[in-house]
Amino acid sequence: MVTLKVNGQDHAYDGDTTVPLLWVIRDELGLTGTKFGCGKGLCGSCTVHLDGVAVRSCQMAVSEAGGKAIVTIEGLDPDGNHPVQRAWRETSAPQCGYCHAGQIMQAAALLAATPKPSDSDILTAMAGNICRCGCYQRIAEAVRLASTGV
Amino acid sequence: MTHMFETIAIPPGGVANVSRRFVMRGIVGSGALVIGASVLPRPAMSAWSTGAGKMPGGTINDPHVYVAIDPSGLVTIITNRSEMGTGVRTSLPMIVADEMEADWSRVRVAQAPGDEKKYGNQDTDGSRSVRHWVEPMRQCGAAMRAMLEQAAATRWGVAVADVRAENHKVIHLGSGNMLGYGELAKAASALPTPPADSLKLKDPRTFRYIGTGSIPIVDLHDITTGKATYGIDAKIPGMKFAVIARPPVVGGKLVSFDATEALKVPGVERVVEVRAWPWPSKFMPVGGVAVIARNTGCAINGRDKLKVVWDNGPNASYDSVAFRRQMEQTAANACKVVRNDGDAEGALKSAAKVVTAQYYVPHLAHASMEPPTAVVHVFQGKAGTQCVAYAPTQSPGGCRDDLAKVLDIPVENVTVNVTLLGGGFGRKSKWDYVLEAALLSKATAAPIKVVWTREDDILHDFYHTVSVERIDAGVDANGKVIAWRHRSVAPTIKSTFQAGADYEAPFELGMGLVDNPFNIPNLRCENGRCEAHTRIGWFRSVSNIPHAFAVQSMVGEIAAALGRDPKDVLLELLGPDRIVDPRKSPDVADYWNYGDPFETYPIETGRLRRVTEIAAEQAGWGKPLQKGEGLGIAVHRSFLTYVATVAHVAVDDNGTLHIPRVDTAIDCGFHVNPERIRSQIEGAAVMGLSLAKHGKITFKDGRAEQSNFDGFGVARIDDAPLDVRVHIVPADWDVPSSGVGEPGLPPFAPALCNAIFAATGKRIRSLPIADQLKA
């Protein structure tokens, strides 16, 4: 039994605790904003915040996440008005949008740690997040915009 | 493109009530306008003819099908096409809203379930949605506007000529009286659809939304908050989670399995064999063993513990190194002639100079970020066995038909709800993963969500073909190209449908081979025999990728051989403005023109020239560049659209490739949503870089050697072109709309490789570039 603290709420999980956090968030808690992309920490689609740090939830066993503060895209901002989310809308960044929850969580963690990132900081921080539609131009623009005030 | 080989007949049967409820959920009040179809005579007032009528289901332009108005004034517009990132789920309803004078802030969009009899063709593929639907959707909106005006005129007892619909209300011109759309909903809903020839389309100068690029996609807010529902997110109460072990080699089959250890894994509930269809079987499941669990993580753990014995079958020796050699040998000799203008063989013999080059493009995987996945519930209902699916599918109509066949139930008992697609690129035109979920739901009597892991996706894809393209170009003493012989060797998509198919199909030959627009008197195209040993499928822009890579690279090679400017040589090869009609060339069989009439969409070299000139001018062609920098150009017509790209590259002393800028000019005729056209072209530059620099799937012992993003590389933000400038050629309503989703891709790789040649003198003939630029 593990108690997961997700977006400020406690959830009890009574299943196998070796499975990746990703699948418990999605399949057991029903929080499907966090996406599966690769299962190997290669694409960033499953990015969530663990005690404020961006982590790949496909690479973390549920047992490691117990008791820590987990924030998913659903909990980033109650109204969806985090500066990164607003910047994303301002630039119409998504195409299919599937990887963008992970992109937004990665960008939000970057700005929390580095409020005024350089272009190079942005590319380095976002290089682990794949977008197959190829929205990178607007993702870079959105992160810049979020850091300078939307 | 699902329907290139067979027209799948739509069985008779009425509109399923369950579908109606799904679509209309949330609409309150008796004034809702959906009251049953009364189809307009389609050919009337057509501005241009398209191939839409030949697609299964054709087109429907009746507001009784597509529009509902609530008494509160809320307008619901149904979209019949799948959203995979092009913006079509927004663009088509926006056309209706504009024509009917609806206020977009009071419009919501609903997604049609798979029902092509009711909604017309739903196959979201082939870059067809806007070109086939812009006119029916304009007519649909205009009819709705006329009905609202008629209802208001009747209410006021005035002539309909004295009223005008404007921004969600109807105004009496004489008195200034107004009635809102909500107040008119009930009366307007009772009216028959007006005849098509009575409709008056809006003057394009009065468009509020079409052509403005001012409307964000309808799912934008939900995407940024995690609320948008993709296939992998769909939920049915009580559902279980499944992953499947599939035969590792195409054509292989299950011999036996032992589930003892798998069933001991915590959370695993069932292990079930999945029915297999022998290869080739179109999109039927390949079979295997499914592990069903309380969550996907447990199912994956259980699958790891399965002991399975496979018979790998006849493709177990497929080896990409050996296969390439074989294709190169085929291309070195005369092949089947598929176009033959003049006497290319003779002209090559008499040419002052012959330039020869051979190009290679490997298999590619689609690798949409959302892998194949579906949720399906098969259950006993009042009308017998029912099937309800939630699926990220590009083809809900074809999917529905095959679900009915596989489950042996009437198609009316099948509902395919279309979720958002986390990317498609052609993969999700194939519905094998939906059928798998249905088979498992039937076997377990529970709703089942099947998820393909990334390994499943990349190891069991319907891959982009692999190709060798050889071109011999003859130049006379004056430097004029007088001969061109292009041999194409590649396994055909047809092999996925039909055993023994070993030549490219007409639709593949017509993607940049036999439709070559060059002004060369002796022009011969040949196609070499080539067997498929894996599943070949269409990948965004399909055969245009290898054909355009070869043709447009060859232009650069000729320019280099002659010591001339590549853009000048390209424009010279395009020749004077004229129409090129491949149907008039000897030996061209069944030229398809993307399924649309040639008269509407001829091959116009003037439009190729124009986009070439725009891209070159905007990129500053000829400007001074630093050492190690270069510009490269390529132009290509595909999906009836003309696209030219200039890539600006910089290659440093370590051979690291940078792309400071890309300029692309696109002429896609009348356009609806220029903002989404820009995003498609921006994305095409990234996907173009992915396939040019990183992408390859290779086979050894019949199995793909890459299985995730560590082996199958795609572009990331730190190597992607971030300054992509898109130049859209303006066009009025009299220039037919053409494709957007795919045509941005083909010119990118040759433009990039031409730029690399300009920067370094190194000619890339084999993709991916990988480390070929390293010293």
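Q: In which strand of chain B does Tyr360(B) lie?
A: In this predicted model, Tyr360(B) belongs to a strand that covers residues 353-361 of chain B. That strand is β13.

Q: Is Tyr360(B) buried or exposed?
A: The relative accessible area of Tyr360(B) is 8%. A residue counts as buried under 20%, so Tyr360(B) is buried.

Q: Which residues are in contact with Tyr360(B), leaving aside its neighbours within four places in sequence?
A: The contacts of Tyr360(B) include Ser320(B), Arg324(B) and Met327(B). Met327(B) is 33 residues away from Tyr360(B) in sequence, with a C-alpha to C-alpha separation of 9.8 Å.

Q: Which side chain is joined to that of Gln394(B) by a polar contact of 3.2 Å?
A: Gln394(B) is found in the loop between β15 (384-391) and α12 (396-407) of chain B. Its relative accessible area is 1%, and Gln394(B) is therefore buried. The side chain that makes the 3.2 Å polar contact with Gln394(B) is that of Ser429(B).

Q: Why is α9(B) described as largely enclosed by the rest of the structure?
A: The buried residues of α9(B) are Thr296(B), Gly297(B), Cys298(B), Ala299(B), Ile300(B), Gly302(B) and Arg303(B). The helix is largely enclosed because the buried residues number 7 of the 9.

Q: Which residue caps the N-terminal end of α9(B)?
A: The cap involves the backbone nitrogen of Gly297(B), which has a side-chain oxygen 3.0 Å away. That oxygen belongs to Asn295(B).

Q: How many residues of chain A are in contact with chain B?
A: On the side of chain B, 65 residues take part. Their partners in chain A number 52.

Q: Which element gives the largest share of the side of chain B that touches chain A?
A: Polar contacts between chain B and chain A involve 30 residue pairs, both residues at pLDDT 80 or more. The elements of chain B that give two or more residues to this side are α7 (220-225), α9 (296-304), β17 (448-451), α14 (454-459) and α19 (674-694). The largest share, 10 residues, is that of α19(B).

Q: How many nonpolar residues does the side of chain B that touches chain A have?
A: By class, this side of chain B has 14 charged and 19 polar residues. Its nonpolar residues number 32.

Q: What order do the elements of chain A follow from the N terminus on?
A: Chain A has 6 helices and 5 strands. Their order from the N terminus is β-β-α-β-β-α-β-α-α-α-α.

Q: What radius of gyration does chain A have?
A: The C-alpha atoms of chain A fill a box of roughly 45 × 25 × 25 Å along the principal axes, and 63% of the 150 residues count as buried. A compact globule with 150 residues would have a radius of gyration near 15 Å. Chain A agrees with this, having 15 Å.

Methods:
Residues numbered from 1 in each chain as written. Chains lettered and ligands numbered in written order. Predicted model: local features only at pLDDT ≥ 70, side-chain atom pairs only at ≥ 80, totals over all residues. Heavy atoms only, no water. Contact = heavy atoms within 4.5 Å. Polar contact = N/O pair within 3.5 Å; in protein donor to acceptor, adjacent residues only side chain to side chain. Helix = DSSP H or I, 4+ residues; strand = E, 2+ residues; numbered from the N terminus. Nonpolar A, V, L, I, M, F, W, Y, C, P; charged D, E, K, R; others polar. Rg over C-alpha atoms; globule rule 2.2 N^0.38 Å. Buried < 20%, exposed > 50% of the residue type's maximum accessible area, 1.4 Å probe, protein only.
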